Each structure stands twice: as C-alpha cells, then as structure tokens.
Amino acid sequence: MKFTLSWLKDHLDTTASVDEIAETLTDLGLEVEEVEDRAARLKDFTLAKVITAEQHPDADRLRVCQVDTDEGVKQIVCGAPNARDGITVVLAKPGTYVPGIDTTIGVGKIRGVESFGMMASERELELSDEHSGIIELPSGEVGQSFVDWLADHDPAKVDPVIEIAITPNRQDALGVRGIARDLAARGIGTLKPEKAVDVKGGFPCPIGVTIDADTLDVAPHFAGRVIRGVKNGPSPQWLQDRLRAIGLRPISALVDVTNFFTFDQNRPLHVFDAGKVTGDLRVHRAKGGETLLALDDKTYTFAPGQTVISDANGVESIAGVMGGAKTGCTEETVDVFLESAWWDPIHTAYTGRDLKINSDARYRFERGVDPEYTLPGLDAATQMILDLCGGEASEVVEAGAPITTARSYPLNTTRVQSLVGMSIPKDQQVAHLTALGFSATGTGDVLEVWVPSWRGDVQGEADLVEEVARLASLTRLEPQPMRRTQAGVPAPVLTPIQKRERAARRMMAALGYNECVTYSFIDAAAAALFDGGDDATRLENPISSEMSHMRPSLLPGLLQAAARNQARGMMDLALFEVGAAFHGGEPGEQGLQASGVLIGHSGPRDPFGGRRAVDVFDVKADAEAVLQAIGAPAKVQVLRGAESWWHPGRHGKVCLGPQKVLGVFGELHPKVLAAMDIKGPAMAFTIYPAEVPMPRSTGASRGAVTIPDLQAVERDFAFVVDAGVEAAVLVNAAVGADKALIEDVRVFDEFIGGALGEGRKSIALTVRMQPTDKTLTEEEIEAVGAKVVAKVEAAAGGTLRG
C-alpha cells in the first residue's frame with residue numbers, strides 16, 4: 001500500500017515529519033517497507049540562467065551556452081532545441097548524479113569544446129517522460145535549490161511516498177483514510193471530518209440492476225447510477241501526480257476517479273460506458289463456458305458458480321475482480337454507469353485465483369471492504385466525476401441491501417492490563433477505541449464495545465485487546481522477572497533423556513563429527529532400505545514425493561547428506577545427528593536416536609603415512625565413547641544379528657543381554673550404499689539413549705572408589721573350537737562362569753589350521769580373578785577354572801587344547 005504525504009494530509013491534520021509518521025506506523029503494526037524521498041535525488045541540482053547561446057562551431061544541433069551559476073559564469077554545451085538566451089534552467093554541476101540517465105556529470109569536451117555541466121530535462125530528473133527539451137522555469141533565482149523551487153511551485157514533484165505492508169486482517173488500512181485514522185488515534189495529528197456528499201438524481205436511471213436469488217449470498221448489495229453528458233479526457237494534474245506517485249498509470253478522468261477511491265477510501269468502483277450496455281445489468285453465477293475479453297486484453301472462460309455481471313448481450317464484468325473491455329470507457333464516452341457493490345471476500349478470492357487475475361479491486365474485496373460505504377462511496381465518486389467531467393447524475397438504482405455488520409463484544413478492562421502486561425487506565429482504553437471508530441457503553445470494569453463497519457477483522461474480545469495494546473504501544477512494555485513458584489534454588493527442568501541427548505551431542509562433536517539437521521521425512525525407497533516405508537508412516541499430504549514417509553532411522557538422512565557432499569568433492573566425512581525415528585504413525589511410536597557416519601579416511605594425506613581408511617573399530621570406539629558419556633554400564637556384550645542394512649560380518653550390537661540393545665555399530669551393507677549413491681565403504685553407529693538403564697543413584701557424587709587390597713590371579717586357557725565359532729561366544733561363556741569373582745576375560749591368541757585339522761581353530765583366553773575378602777587358594781582357583789572349561793564346552797563345544 002503506497003501513499004504520499006500530501007495525500008495523507010488530506011485526511012490528517014498533522015505537522016509530524018515523515019520519519020515520525022513512518023516510525024509510528026510501524027509501531028501501530030503497519031510496517032513501513034520503504035520511504036521514497038523524491039527530493040533527496042534532486043538535492044544537488046540548482047537553478048541557473050542562460051546568458052548567451054551560440055551555435056557550436058563543429059555541430060549543427062549543438063549550442064555553446066554561457067550560463068550564470070552560483071559559482072560564476074560557466075560554459076556548457078547543450079543539444080536541446082529550446083536552449084536560448086535568458087531562460088532559467090536546472091543545472092547539474094560536475095560531480096552531480098543524474099538519476100534519469102544513471103550518470104555522474106563530469107567536465108568534458110564535446111566536439112572539441114569544453115563543457116562544465118549539464119542543463120537537465122524532466123525525464124533526466126525522473127519528473128516525467130518529457131525530454132523534447134531542457135526544463136524552462138518561469139521564475140527562480142540563480143543558485144536557488146531546485147528542490148526548494150519545486151516545494152514552492154510544484155510540491156507534488158517532491159512529495160515523499162510511503163509504502164507499508166498490510167497484514168490480511170487490516171483491510172481498513174488499504175485506504176489512506178484508514179491509515180490516517182490510526183495515526184490520529186495514536187496522537188499524530190487530528191483526523192479531518194469527512195465531507196458528507198448527497199447527490200440528488202435528476203432523472204430515473206435508464207439501466208436497471210438485479211441480483212439472482214442464488215447469488216445473493218455472494219453478492220448481497222449492488223448499486224449504481226447513470227451519469228450522462230460527461231466529457232472524458234485526461235484527469236487534472238494533481239490526480240495524475242498522485243496516481244503516478246503510487247505506481248499507477250493515469251488513463252482518463254473517469255477511470256482515474258475509480259482508482260482514486262480504491263486507494264483513498266478502500267472503495268473499489270467500476271464505470272461502464274452506458275452507451276455500450278444493452279438493457280439492464282444482472283448479477284448472477286456463471287453457468288460455465290462463458291467468455292469475456294477483460295480490460296487487460298485477455299480472454300477469460302468462466303467456471304460454473306463464478307459471479308459475473310451481464311447485460312442482454314452476455315457477460316460484461318467479473319464481479320469484484322475486473323471489468324470487460326467492450327464496455328470500458330474511452331475518450332468518446334458520453335454516458336457512464338457508475339457501479340458500487342459489495343462482494344463476498346472468499347468467493348471473490350476463489351474467482352480471482354481460478355482465473356489467475358490479480359487486480360487492486362480483487363486485492364481489496366477478498367480482504368473485505370466497508371459494506372456500509374457502498375452508497376456513500378457511490379455519491380462521493382459521482383460528485384468527483386461531475387466536478388471533473390461535468391454531466392448530470394440519475395437516481396440511484398440498487399439491488400439487495402447492505403449486509404448487517406452491527407455487533408458488540410464485552411471487554412474486561414481489568415483483564416486487558418493483565419493480558420497486555422502494562423497498566424492502561426480504563427478511560428484511556430475507551431479513548432483509544434473511540435478514536436478508532438468503536439463505541440463503548442456500560443459502567444464498571446466490563447464494557448460493551450460496538451465495532452465499526454469497516455473493521456471486519458474484529459471478531460471478539462481478543463481483537464479488542466489487541467487494538468488497545470496497539471495504540472498504547474507495545475514498546476512501552478518493561479521486562480519483568482518471572483516469579484518463582486517456590487523459594488530457593490529451582491529444580492532442574494531437563495529430563496534425564498534430554499540430558500542424555502545433550503551429552504551425546506557434545507561427545508560426538510568432541511570426537512570430530514559435524515552435526516546435521518535433516519528432515520524427519522524421506523522418500524519411500526530410502527525408507528524401505530531401513531525397514532520403513534509402510535502405510536503407517538506415510539504422510540497424507542507430503543511436501544514432495546521425496547518426503548513421503550516418516551524416517552525409520554537417522555541413517556538415511558545422514559547418507560543422503562553424505563552423497564550430496566561426495567558429489568561436490570568432499571570424500572572424507574564425519575556426520576552425526578540426534579533426533580527421533582519413527583516406527584509407526586501413532587503418538588509414542590517413535591524413539592530418540594544418536595547416529596554417526598564415517599566415510600573415507602581418518603585424516604588428510606601427510607608424509608608420515610598416518611592416513612588410513614576408516615574401519616569398524618573407529619565407529620566401535622566412538623559408539624563406546626558416546627555410551628560412556630550418557631551413563632551406560634561399563635560391562636556390556638557385543639553380539640551379532642543386527643538389522644539387514646548392516647554388513648552381516650562387520651557389525652556388532654552393544655547389549656546388556658540378548659534383548660537389551662543399547663546401540664549398533666559397524667559397516668553398512670554395500671547394497672544400501674549403492675542405493676543411496678555412496679562411494680566407498682561407510683561406517684556408522686546408532687545409539688538408543690532411552691535403552692540405557694537409569695542410574696540407581698540420582699545424586700551428583702559418584703561415591704568412594706573401592707581399590708582391592710588383595711592380589712588378582714590370572715589363568716590362561718586355550719580352547720579348540722570349530723572355525724566358525726566366534727571368539728565373543730567363548731568370552732561371554734567364560735565371564736558367566738563366576739560373575740562375582742571373574743573381573744575380566746580377554747582374547748590374546750588365535751591359531752587356525754596346522755595340527756588342529758581342517759575347519760578347527762584355537763582361541764586363547766586370559767581370565768582375571770579378583771578376590772575381595774581373602775586370598776584365593778589353589779583349590780578355589782582350580783574350581784573356577786573347571787567352571788570356565790565347563791561353560792565354554794557347553795556354549796561353544798570347545799575343548800582344552802592339549
């Protein structure tokens with residue numbers, strides 16, 4: 001929404017500067033997007049007088065002028081045909097920027113003759129499109145600022161233009177008067193009273209209007225009148241200047257009047273050439289298939305139900321959107337039918353959107369215009385047409401009736417202060433609302449507030465509170481510390497899972513991983529690779545086909561990020577993410593995961609050979625570090641049998657038993673990597689923080705360290721087993737032989753083949769026993785050893801190697 005300062009002052013009596021107005025508008029919620037100070041670009045131009053203008057010695061169309069300036073007489077070469085002795089001109093000295101030609105003037109030679117400046121035309125100063133000659137001023141003193149001269153003689157040329165952003169709920173601010181009303185309510189001037197206009201018709205309107213019964217719900221009120229004997233032509237200069245200032249092209253007096261009221265009062269109007277209208281006008285819903293050549297010279301085909309205005313020959317206008325070219329006004333127009341109507345906002349928006357038409361009328365009707373200004377707006381526009389174009393107005397014809405907008409809501413003035421957060425006295429609240437056009441009745445703290453017809457956005461007490469807060473200015477709010485619910489140090493607000501999430505994130509960042517934040521939605525193919533992609537996790541309304549399902553794991557998003565980086569030459573990657581993964585579509589069918597991906601090499605190339613490809617043991621160490629950071633027990637088991645996207649022989653599940661999985665680490669399956677377009681092997685891990693048991697003690701202290709005072713005993717065992725038996729099976733069996741006494745079991749040797757035979761291998765274990773109450777005797781040590789042998793034999797079929 002654009003308007004000029006002088007236009008605003010037609011409605012607002014104020015002495016405030018442009019900066020004060022702009023600042024107040026933004027504070028009121030009408031954010032100022034731009035202030036175009038048209039005087040700023042002309043500040044360096046001054047007035048000068050041509051003393052002599054002689055023919056250029058080497059050019060027929062150039063003149064060498066001696067020009068009297070505030071710096072003395074200067075020689076200027078000029079090619080304008082009107083350059084002559086005695087005229088007052090606008091001078092651009094060397095160093096002056098000329099906006100119309102995007103050039104900074106300098107001293108130069110033109111056909112061998114030096115020139116010390118330029119005399120400007122209107123187009124070169126972006127004042128108009130006139131460029132047939134230089135500017136000739138009827139008055140002015142040498143050296144006088146051109147901006148000052150314009151302010152005295154043609155202020156429209158330097159009138160500041162203010163552009164504000166309009167939120168969808170502030171349809172009243174789509175008119176200059178609505179903006180002036182807001183400013184006056186804040187105290188930036190006084191709102192000028194609106195001049196009442198009542199144009200009496202001199203003859204019955206020859207064009208009747210009707211609204212079909214099935215159309216009254218979307219077109220409840222339609223009014224108009226014929227004005228005969230008008231003389232259409234260019235509109236007066238003041239009107240053209242205002243329209244140009246806000247970016248509109250003046251067309252003719254009749255059309256410019258309707259555009260003026262669109263921006264001045266937020267009252268779109270339309271004029272038909274009455275001589276081209278056949279019969280009466282009928283407002284109805286389109287049957288479908290009708291066509292219209294509109295004012296934008298495009299032909300539109302209507303769908304069933306769209307609201308149109310027709311005469312006896314067919315459709316002549318799109319209701320609330322755009323008129324037709326056939327009945328448009330031209331310079332030959334003598335009689336016009338001026339229309340003022342109220343159209344349903346939602347239906348108008350649907351029609352404009354379906355036809356792909358954006359017009360100032362649609363923009364306003366779909367946000368809502370004042371239904372009670374339909375007839376006053378018709379009278380005001382009629383009077384302006386009579387003033388500018390002459391003619392005689394008929395009586396008003398109308399169909400339907402204005403919709404009822406009278407409504408009121410209770411306003412608790414005490415509650416306003418608690419909601420807004422600052423003290424606003426009751427009488428000040430009433431004054432604010434009254435200044436905006438509301439009326440309040442009642443006594444006590446609760447008032448009954450009546451809403452004006454132009455504020456269709458106010459639909460309850462909350463909106464009334466917003467209006468009071470807007471005018472009181474939220475910049476007056478002073479920060480207040482929140483009261484504590486209880487005395488003393490407040491309790492922690494983070495849950496144990498949130499603390500683990502933070503700890504995992506910090507640990508992975510400390511390990512050198514880069515954090516990623518990916519979408520929770522992935523495509524069906526990627527989800528299927530990780531046991532997802534079913535109907536339970538499919539989105540009803542996805543953003544795109546690549547975001548159709550909730551992610552079953554964090555790994556697909558990380559791998560997609562890795563693939564994008566590899567495509568851009570980044571081959572060594574360490575990425576991680578902490579977030580939710582989904583195994584169903586119901587609340588609660590999700591879990592927190594912390595995942596990391598390692599791809600490429602351990603570091604950059606160096607002359608010492610320290611660079612190597614990342615492997616399973618890298619992610620194993622990282623997974624163990626993350627588990628330690630979130631408080632996982634030190635004693636865990638590493639088992640096989642993870643999901644299908646892990647390499648079958650190069651992964652491990654970190655468990656507290658077969659059913660309690662704390663995390664998984666390993667190499668990802670080559671088929672998954674090929675499907676995700678990953679180059680080379682990729683190592684990864686996934687931790688499930690919620691599966692880690694909560695500590696028994698919630699205190700911050702860890703307790704005293706217990707250091708054994710008895711010597712530990714170690715015994716070595718070598719077991720012969722089948723070549724396919726995993727060493728972890730033997731280790732877990734040995735640990736279970738005596739959990740109280742056995743502290744640790746380690747593998748220290750493996751031998752395959754040889755004298756053991758085909759398909760057999762030997763695994764050597766060291767079993768460390770740590771007594772706590774007394775030194776172990778030889779018999780007790782042998783007893784534990786026997787239990788170890790029995791356990792390993794039962795679990796893996798192993799026998800002691802002889």
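Student: Which residue in β34 does Gly579 stand opposite?

Tutor: Gly579 stands opposite Gln593 in β34. Keep in mind that this is a predicted model. As a general idea, strands of a sheet pair through backbone hydrogen bonds, either parallel or antiparallel. Here, strand β33 (residues 573-582) and strand β34 (residues 590-599) run antiparallel and are joined by 10 bridges.

Student: In what order do the seven strands of the open sheet come?

Tutor: The order is β30-β33-β34-β38-β37-β36-β35, and the pairing is mixed. The edges are β30 (514-515) and β35 (637-639); each has a single partner strand, so one side of each is left without a neighbour in the sheet.

Student: Which strands does helix α13 lie across?

Tutor: Helix α13 (residues 496-510) lies across β30, β33, β34 and β38 (682-687). The helix runs at about 165° to β33.

Student: How many residues of strand β24 are buried?

Tutor: The cut-off for buried is under 20% relative accessible area. Strand β24 (residues 336-342) has seven of its seven residues buried. Take the faces in turn: Val336, Leu338, Ser340 and Trp342 are buried on one side, and Phe337, Glu339 and Ala341 are buried on the other.

Student: Over how many bridges does strand β16 pair with β24?

Tutor: Strand β16 (residues 221-228) pairs with β24 over seven bridges, in the antiparallel sense. In β24, Ala341 is the bridge partner of Phe222. Strand β17 (residues 270-273) pairs with β24 over four bridges, again in the antiparallel sense. For Phe272, the bridge partner in β24 is Phe337.

Student: Next, the nonpolar cores. Which residues touch the most other members of the largest one?

Tutor: The general idea is that in soluble globular proteins, nonpolar side chains tend to be buried together. In this structure, the largest nonpolar core has 72 residues, and Leu25 and Ile164 touch the most other members. Helix α9 (residues 374-389) gives the most to this core, with seven residues. A second, separate core has 28 residues, including Cys516, Ala562, Leu573 and Val661.

Student: What does Ile164 touch, not counting residues up to four places away in sequence?

Tutor: Its contacts by that count are Met1, Phe3, Leu25, Leu30, Glu31, Val32, Glu33, Ala173 and Ile179.

Student: How many aromatic pairs are there?

Tutor: The count comes to nine aromatic pairs. One of them is Trp238 with Phe260, an edge-to-face pair at 5.9 Å centre to centre with 90° between the planes. Trp238 lies in helix α5 (residues 237-245) and Phe260 in helix α6 (residues 253-264), so the pair ties together parts that are 22 residues apart in sequence. Trp238 counts as partly exposed, at 38% relative accessibility, whereas Phe260 counts as buried, at 7%.

Student: Why is the pair of Phe717 and Phe719 called stacked?

Tutor: Planes under 30 degrees apart count as stacked. The planes of Phe717 and Phe719 are at 15°, with ring centres 6.1 Å apart, so the pair is stacked. Both Phe717 and Phe719 are buried. There is also an aromatic cluster, formed by Trp7, Trp238, Phe260 and Phe261.

Student: Which ring face does Arg228 lie over?

Tutor: Arg228 lies over the face of Phe203, at 3.6 Å from the ring centre. Arg367 lies over the face of Tyr363, at 3.7 Å from the ring centre.

Student: Is Gln171 buried or exposed?

Tutor: Gln171 counts as buried, at 5% relative accessibility. Gln171 is in the loop between β13 (161-164) and α4 (176-186). Leaving out residues up to four places away in sequence, Gln171 touches Asn266, Arg367, Gly368, Trp454, Arg455, Gly456 and Asp457.

Key:
Residues numbered from 1 in each chain as written. Predicted model: local features only at pLDDT ≥ 70, side-chain atom pairs only at ≥ 80, totals over all residues. Heavy atoms only, no water. Core = buried A, V, L, I, M, F, W, Y, C linked by side-chain atoms within 4.5 Å. Buried < 20%, exposed > 50% of the residue type's maximum accessible area, 1.4 Å probe, protein only. Helix = DSSP H or I, 4+ residues; strand = E, 2+ residues; numbered from the N terminus. Contact = heavy atoms within 4.5 Å. Phe/Tyr/Trp six-rings, centres within 6.5 Å; stacked < 30°, edge-to-face > 60°. Lys NZ or Arg CZ within 6 Å of the ring centre and 35° of its normal. Pairing = 2+ DSSP bridges. Axes fitted to C-alpha atoms, helices over the stretch in contact; angles between N-to-C directions.
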